[in-house]
Each structure stands twice: as C-alpha cells, then as structure tokens.
Amino acid sequence: MGKKIILIVLFILPLVVYMFFATGVNKFVNLPTLTKNVNELPNWNSLSNHKVQLKEKITIIGFLGDDVLTEKGNLFNLNQKIYNKNKEFKDFQIVMVAPQGTQNDIQSIITELGSISDLSGWNFVFTSHDSISSFHKSLKLAETLNPKIGTSNVYIIDKDLNLRGRKGKDLKGEEEYKEGYNTISAADLHNNMSDDVKVILAEYRLALKRNNKRKI
C-alpha cells in the first residue's frame, strides 16, 4: 500500500498538475458577456479595400493610436501568443483600428510581420479621431483611450457582437473583472487571453457540433 502511494505521488500527481495548467485555469465554461450588442464597424477604409465586419466573426479588436510604429512590439506579441495559435479557425480575426494617415506605417509593420507569419486573418481599418473615440465609447469599457487615441489593450468580441471577458469570482474566490488584455505583457496574453480565447472557441465548436455543422 505504501509503495502504491509513493508511485502515485511520484508519477500520477505531477501528470495531473501538468494537465491542469496545460488546459488553462479559467473556471468559466462560457466566457461572460460584459457588453451586449456592441456597434458593428462603420464602413471605414481598410488596408485591403474590403469591408471589415465583426458580425459572424470572433474578433480581437484593438486601437493603435497615432504612434503606430511604437506598437510594433505589441502587435508581434499578439501575433505570436494569440493569432498564430488560433489562425486555423476560419471565423477568427484580428481587427486594428487606426487614425487616417497611418497607412504607410501600418504597411511597413505588416511587411515585417508578414515575413515570419501568415497575416491573412489580420485587418486594419482607418478613420478619424472622433469616430475612433465614439466607437470605443460604444463598447462601454471602464478604460478610456490615451491622448494619442490608442491603448495597449485588446478586447474579445463574439460572433453576436457581444464584448466578452471575465466577471465574477476567480479561483481564489475574489471578485474579478477583466475586459481587456495588455499586449505589452506577453504573460497577460499567454496566461489570461490565450485561456479565454480557448474558452470562447470551444464554446462555438460545441455549438457547431450540436447543430451538426462542419465549419471548423
């Protein structure tokens, strides 16, 4: 009996601990809705000259601001930690909102990132400062944009135009509210956002199976 306990401690317990952390620690079966029915993107100019929409897409949305080139490292983090892991899901996209006049800077970043990654699921849209501010306010976030009309945070919007995030008690029993994920922090993207994106993608995969669809 003693030998069995020792074997369990030495071999089985570490495996259980590994599986726990490998599958993420977000306790939510469905990622909570923070804002219902957010606005659809207006018909803003896009780098691809195609209309970019949120409806029927699982979207990671961000606001780059005027100093686009300073965000290059953040976009690299987002690409490596989130996009590359989920790009095979055809209804998954990243949308970056930027002020008019930053197109050339965006193109230079795309050229650099595109040399190491397929960016077909990335979209960049451009509009005025006032329009960016208005759209950001429509998300009903606690955070405000910085004076450059940007933020290092990105947000999850589901196919039904709902802003998703964390709301409720965390694993420690403490109240938690998380609406955005900091692209400056590789740890936040890897430990929190990656987990939450897994949850929402699993939610939609389950819905597709229930409807006997094969879109994924």
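With which side chain does the side chain of T127 make a polar contact? The partner is the side chain of W44, at 3.3 Å, where a polar contact is a pair of N or O atoms within 3.5 Å, and within protein one must be able to donate a hydrogen and the other to accept it, while residues adjacent in sequence count only if both atoms are side-chain atoms. This is a predicted model, in which local features need pLDDT of at least 70 and side-chain atom pairs count only at pLDDT 80 or more, whereas totals for chains, interfaces and linings use all residues. Residues are numbered from 1 along each chain as its sequence is written, and side-chain values use heavy atoms, with hydrogens and water left out.

**The protein as a whole**

- The average pLDDT of the protein is 87, and 84% of the residues score at least 70; pLDDT is the predictor's confidence in each residue, from 0 to 100.
- Over residues 7-26, however, the pLDDT is below 50, and this stretch has 15 contacts in the model beyond near neighbours in sequence, a contact meaning heavy atoms within 4.5 Å.
- The protein has five helices and 10 strands, which are DSSP runs numbered from the N terminus (helices are H or I, at least four residues; strands are E, at least two).
- Of the 216 residues, 44% count as buried, which is defined as under 20% relative accessible area, with exposed being over 50% and partly exposed in between (1.4 Å probe, protein chains only).

- Strand 3 is largely enclosed by the rest of the structure, because seven of its seven residues are buried.
- I58, I60, G62 and L64 lie on one side of strand 3 and T59, I61 and F63 on the other, and both faces are covered.
- In a regular strand the side chains alternate between the two faces of the sheet.
- Strand 3 (residues 58-64) runs parallel to strand 4, and six bridges join the two; strands are said to pair if DSSP finds at least two bridges between them.
- Within this pairing, G62 has M96 of strand 4 as its bridge partner.
- With strand 6, strand 3 pairs in the antiparallel sense over five bridges, and here T59 stands opposite I157.

**Strand 4 and the crossovers**

- Strand 4 (residues 92-99) is mostly covered, since eight of its eight residues are buried.
- F92, I94, M96 and A98 point one way from strand 4, while Q93, V95, V97 and P99 point the other way.
- Strand 4 also pairs with strand 5 (residues 122-127), in the parallel sense and over six bridges, and M96 stands opposite F124 in strand 5.
- From strand 4 the chain crosses through helix 3 (residues 103-114) to strand 5 in a right-handed β-α-β crossover; right-handed means that, with the strands pointing away from the viewer, the path from the first strand over the helix to the second runs clockwise.
- Another right-handed β-α-β unit is made by strand 3, helix 2 (residues 72-86) and strand 4.

**T127, at a closer look**

- T127 is found in strand 5 and counts as buried because its relative accessibility is 8%.
- Apart from residues up to four places away in sequence, T127 touches W44, A98, P99, Q100 and I132.

**Buried residues in loops**

- L141 has its place in the loop between helix 4 (129-138) and strand 6 (150-157), and its relative accessible area of 13% makes it buried.
- Leaving aside neighbours within four places in sequence, L141 is in contact with H136, Y155, L163 and E179.
- I149 is found in the loop between helix 4 and strand 6, counts as buried at 12% relative accessibility, and has a phi near 65°, a positive value in a residue other than glycine.
- Most residues other than glycine have a negative phi.
- L161, in the loop between strand 6 and strand 7, has a positive phi of about 65° although it is not a glycine, and it is buried with a relative accessible area of 12%.
- K159 is placed in the loop between strand 6 and strand 7 (163-164) and counts as buried at 10% relative accessibility; not counting residues up to four places away in sequence, K159 touches K55, E56, K57, I58, D91 and Y204.
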